[in-house]
Amino acid sequence: MQQEFVLTLGQRMLEVVAMLTAPLLIPALLVGLLVGMFQAATQINEMTLSFIPKLMIVGVALVVAGPWMLTTLISFTRELYLNIPAMIG
């Protein structure tokens, strides 16, 4: 029973990590793709041209999705603390 709980906990942790990173990584990926296509079309090979828009979009995504991310993380942590007795035995 305890091993099953640990596997479920590990799966839940991976789900939470995926949910928390997706709002930041997906917009950065899309902006990086668009900037890369622009650089390929114009033959401009400037490193900061790719970095600055990604940094800005991640900042905007963090402001927009930050409260939801914090609520999700606090909820998971609270659930984890409440399940400590079940983990011990």
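Me: Which element of the chain has the lowest mean pLDDT, and which the highest?

Reply: Helix α3 (residues 84–88) is lowest with a mean of 80, while α2 is highest with 93. pLDDT is the predictor's confidence in each residue, from 0 to 100. This is a predicted model, where local features need pLDDT of at least 70 and side-chain atom pairs count only at pLDDT 80 or more, though totals for chains, interfaces and linings use all residues. Residues are numbered from 1 along each chain as its sequence is written, and side-chain values use heavy atoms, with hydrogens and water left out.

Me: What makes up the secondary structure of the chain?

Reply: Three helices and zero strands, running α-α-α from the N terminus. Both kinds are DSSP runs, numbered from the N terminus: helices are H or I with at least four residues, strands E with at least two.

Me: Why does Ser50 count as buried?

Reply: Buried means under 20% relative accessible area, exposed over 50%, partly exposed in between (1.4 Å probe, protein chains only). Ser50 has 18%, so it's buried. Ser50 lies in helix α2 (residues 47–82). Leaving out residues up to four places away in sequence, Ser50 touches Val35 and Gln39, where contact means heavy atoms within 4.5 Å.

Me: How do you know how the chain compares with a compact globule of 89 residues?

Reply: Take the radius of gyration over C-alpha atoms; the globule rule is 2.2 Å times the number of residues to the power 0.38. That globule would come out near 12 Å, but the chain has 19 Å. The C-alpha trace spans about 60 × 25 × 15 Å along its principal axes.
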